Amino acid sequence: MSAPSPRRAVLTGLGLISALGSDADTVWNALVSGKSGVRRLAQFDAVDLPCRVGAEIPDFDAKKIITQKEQRKTLKVMARTVQLGVAAAQKAVEAAALKPGQIAPARFGVEFACVMVATEPEDMAGGAKLTANKTPGTVDMAGWGTEGIRQVPPLWMLKYLPNMPACHVSVNHDAKGPNNTITASDAAGLLALGEAYRILGRDVADAFLVGGCESKLNPVSFARHTTFHALTRHNQAPEQAVRPFDATRDGTALGEGGIVMLLEELEGAKMRGAPVDAELVGYASGFDRGRKGPVLAGVIRNAMKEAGVTVADIDHVNAGAGGIPELDAFEARGIHEVFGTAVPVVSYKPHFGSLGAASGLIELAVSVLALKRGELPGTLNFTTPDPACPVSVHVGKPRPVTKPYAVKVSYTDLGQCAAVVVKKGT
């Protein structure tokens, strides 16, 4: 844990695209009304798969968000995941009322959470048809190397590399400062935010576009996940399928989304009259190798120590729980070690689905909105407490926000974990 920096970091712009909507007001109304974005899959036919539900964005069209002609031209070399990140960045800049030149380009950075993007089937379909049908059940590898490869788009790889969102965002917004991509799946968003926070604190940059994006609903990738990932089998009632911390949970539901936050040094934000949504006051990370809970608890304590807060100051803990039995129990142990049952715990994966690299930040956005708007939406689908998850889950109607701080936790299935503390903006 680093020593606190005298430079204060605030969140001044929020751009999000999700199954619940693509603007803060729409998403917020869905959250407080208890609406789930998990539904039966429509992008492809999943009838023969054991999991047939997910959190799809039904009407996403990046061209409706990216309006500048030169920027729109590049959309054709972006996979859907990358487009989600680039579009969310545009929304964040607009929400922050950031004008070109207000932040010196060399002091304007980009930190993104993204993983290797699954190839969209149409990019390989032509070559596959030429080389897979000569002898049933086999692939003509020699033919693939001579004929099939010519059917692959020349810029194929540039559509799918995980650093592409950060690259396109930096070009679009003239951000020439520190630039990095974090690929640690579900923990990547908070890790990216934490890295931006540290760099800003060292006075190497004045602002960052910090984001995460992922679409886990690529049909080939989705089929693979149903084999190797703990996905729910509650197909008959999609809205009730994801059950964080609940005794009847059986897995999560995949989704897609993009989220970008503008993180600025406080004095610079004040000078340009930026709207302050929240202040980032603490961050820590670690690796809980055995997923037992003590290391996660230590990470939470370190983030709170840096923020200068105690358990009594925390309004709620925003968990990463997605309904996977073992992982929910691991997180609950870590949270319980710090808070016992004294602080309400929420999870928003029943609303957004499991978004991988986008999950941590899009869920953090709910806490930012809750602190700003004065009420906290409840967790969906928690009805049967599990002794293995000894936390106080907030369910039902929104409750008043009574304290100025919230803790957000994220982790991977291998044990990488991170926590941030945010404070209500003033």
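Of the 52 residues in the largest nonpolar core, the ones that touch the most other members are L193, L263, F352 and L364; such a core is a set of buried Ala, Val, Leu, Ile, Met, Phe, Trp, Tyr and Cys residues joined through side-chain atoms within 4.5 Å, where buried means under 20% relative accessible area with a 1.4 Å probe, protein chains only. The model is predicted, so that local features need pLDDT of at least 70 and side-chain atom pairs count only at pLDDT 80 or more, while totals for chains, interfaces and linings use all residues. Residues are numbered from 1 along each chain as its sequence is written, and side-chain values use heavy atoms, with hydrogens and water left out.

Leaving aside residues up to four places away in sequence, F352 touches S18, L20, V27, L31, A55, G255, I362 and V366, contact meaning heavy atoms within 4.5 Å. Apart from this core lies another, of 36 residues, including V281, V299, I324 and Y411.

Helix α1 (residues 24-32) packs against helix α13 (residues 359-373) at an angle of about 85°, their axes lying 11 Å apart; helices here are DSSP runs of H or I with at least four residues, numbered from the N terminus, and axes are lines fitted to C-alpha atoms over the stretch in contact, with angles running from 0 to 180 degrees between N-to-C directions. The two helices are therefore roughly perpendicular, the term for angles of 65 to 115 degrees. A24, D25, W28 and L31 of α1 meet V366, L369, A370 and R373 of α13.

Of the 15 residues of α13, 13 are buried, and just after this helix G374 takes a positive phi of about 85°.

Definitions and conventions. Parallel < 35°, antiparallel > 145°, perpendicular 65-115°, else oblique. Buried < 20%, exposed > 50% of the residue type's maximum accessible area, 1.4 Å probe, protein only.
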